[in-house]
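Trainee: I would like to learn how to read a protein model, feature by feature. Could we go through one together?

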Amino acid sequence: MTGNHRNSSFTRRRALAVTGGTVAAGGLAVTGYQSAFADTTDTTDTTQATATACMTLMSSVTEGPYYLDGALVRKDITEGKSGVPLTLRLTVVDATDGCTPVKGAAVEIWHCDAWGYYSGYTTANPGGSAPAESEDGSTANDATYLRGYQIANANGVVKFETIFPGWYTPRTCHIHVKVHTGGEKEDGTYEGGKVNYTGQLFFDDTVAEEIFALAPYSRHAGSYTTLDNDMVYDGGGASSGLLTLKAVHKADPSKGYKGSLSLAVDPDAENTGAGSGGGGTGGTPPSGAPTGTPPSGAPSENASPSASASS
C-alpha cells in the first residue's frame with residue numbers, strides 16, 4: 001500500500017473540527033458532545049436520537065481479517081490493556097424510518113491494542129518496530145481483550161470503555177464495528193439474529209498524532225497511514241465512520257477522549273462484511289492465525305478488568 005507517512009507528517013484535516021459542538025460532514029449533522037454524552041437515563045438521549053438530522057446509510061466495509069465470534073457482552077473491554085482511555089458512545093438509528101432509535105440492537109466492536117496487536121492474533125506483526133505483545137505487562141486474555149458487545153437501550157444508545165487504538169501497517173487508526181438485530185444475549189455473548197451493518201470507526205489525524213507521541217504508543221515506531229491514504233476510509237466524514245472527539249482535559253491528552261457517532265442503519269438489511277469486497281481487506285493476518293470462537297477459559301462477562309486503562 002502506498003501513501004504511508006511518518007508520525008511527524010500527519011495530514012491536518014480541516015473538514016471536521018474536533019470539538020464539542022455540532023459537526024457537519026457532507027450535509028449530514030451529528031449531535032454535539034453534551035447531548036451525545038448525557039446520561040442514558042436522561043431525556044436528552046431521546047432528543048439526540050430523534051432530533052438528529054436523518055443521515056444517509058452508513059458506508060459498509062469489510063469486517064477485515066481479525067474478526068472472532070463469541071465476544072462478550074460488557075461495557076469495559078480493556079482487560080487491563082494500557083493506553084489512553086476512550087469512552088465510546090454510539091447511537092443506533094433507523095435511517096429508513098426518520099432516524100428513530102433501534103432499541104435492542106447489539107453493537108459489537110473490536111480493535112488493536114496500543115502497539116497494533118489484536119486479541120486472537122497476538123503474533124501478527126503490526127509493522128514497523130514494536131515490542132512483542134507479551135511485553136505489555138497486562139494480564140489481559142489473549143483471546144478476548146478489546147472485543148465486546150453492548151445492547152442498545154430504548155434510545156438506541158450503547159457505551160463502551162476502552163483505550164485509544166494503536167495502528168498497524170498498512171492501516172490508519174480505527175475500530176471495527178458491527179450492528180446486529182434479532183438475536184439475544186446468551187451465555188455471556190450475543191447469539192442469533194443478523195448483521196445489519198459492518199463498518200469501521202476512524203479518528204482525526206491531529207488527535208492520533210498527539211496520542212501516538214505518548215507511552216505506550218510511542219514504543220511502536222515506523223510508518224503510520226493517515227486518513228487520506230487509508231485503503232478503507234473514503235473521506236465521507238461521519239457517514240463513513242469518522243468519530244466526533246472530545247478531550248477529557250484539553251491540556252493533557254493522556255487523560256483520555258470521549259468519542260461519539262450516530263450509526264444510521266437499515267434494520268431489515270443484512271451486511272456481514274465477510275469476504276474481500278467493500279473497502280479493501282484491512283490487512284492480512286499471519287498464516288495459521290486462529291479463526292472462529294475464542295478458546296475456552298475466557299473471562300466471564302462479570303469479571304473485573306485487572307487494571308483500568310491508563311496513559
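Trainee: Which side chain meets that of R171 in a salt bridge?

Mentor: Keep in mind that this is a predicted model. To find a salt bridge, look for a side-chain nitrogen of Lys or Arg within 4 Å of a carboxyl oxygen of Asp or Glu. Here the partner of R171 is D230, with 2.8 Å from N to O.

Trainee: Where in the chain do R171 and D230 lie?

Mentor: R171 is in the loop between β8 (157-163) and β9, and D230 is in the loop between β11 (223-224) and β12 (244-247). They are 59 residues apart, and the pair links distant parts of the chain.

Trainee: Are R171 and D230 buried or exposed?

Mentor: A residue counts as buried when its relative accessible area is under 20%. R171 has 0% and is buried. D230 has 7% and is buried as well.

Trainee: How many salt bridges does the structure hold?

Mentor: Seven. One of them joins the side chains of E63 and K178, at 2.9 Å from N to O. E63 lies in the loop between α2 (44-51) and β4 (85-94), whereas K178 belongs to strand β9 (residues 174-186), so this pair ties together parts that are 115 residues apart in sequence. E63 is buried at 17% relative accessibility, and K178 is buried at 2%.

Trainee: What does the side chain of K81 meet in a salt bridge?

Mentor: The side chain of D113, at 2.8 Å from N to O. K81 sits in the loop between α2 and β4, and D113 in the loop between β6 (106-110) and β7 (147-151). These residues are 32 apart, and the pair links distant parts of the chain. K81 is buried, with 1% relative accessibility, and D113 is buried with 2%.

Trainee: Next, cysteines. How many disulfides does the structure hold?

Mentor: A disulfide is a covalent bond between the sulfur atoms of two cysteines. In this model there are zero disulfides.

Trainee: Are C112 and C173 buried or exposed?

Mentor: C112 is buried, with a relative accessible area of 2%. C173 is buried too, at 0%.

Trainee: Now the backbone. Which peptide bond into P170 is cis?

Mentor: To read this feature, check the omega angle of the peptide bond. The bond from T169 to P170 is cis, with omega near 10°. P170 is found in the loop between β8 and β9. Another cis peptide bond runs from A215 to P216, with omega near 0°. P216 is in the loop between α3 (205-212) and β11.

Trainee: What is the phi of E79?

Mentor: Near 55°, which is a positive value in a residue other than glycine. E79 has its place in the loop between α2 and β4, and at 8% relative accessibility E79 counts as buried.

Trainee: What is the phi of L146, and where does L146 lie?

Mentor: L146 has a positive phi of about 60° although it is not a glycine. L146 lies in the loop between β6 and β7. With 0% relative accessibility, L146 counts as buried.

Terms used. Residues numbered from 1 in each chain as written. Predicted model: local features only at pLDDT ≥ 70, side-chain atom pairs only at ≥ 80, totals over all residues. Heavy atoms only, no water. Disulfide = S-S within 2.5 Å. Buried < 20%, exposed > 50% of the residue type's maximum accessible area, 1.4 Å probe, protein only. Helix = DSSP H or I, 4+ residues; strand = E, 2+ residues; numbered from the N terminus.
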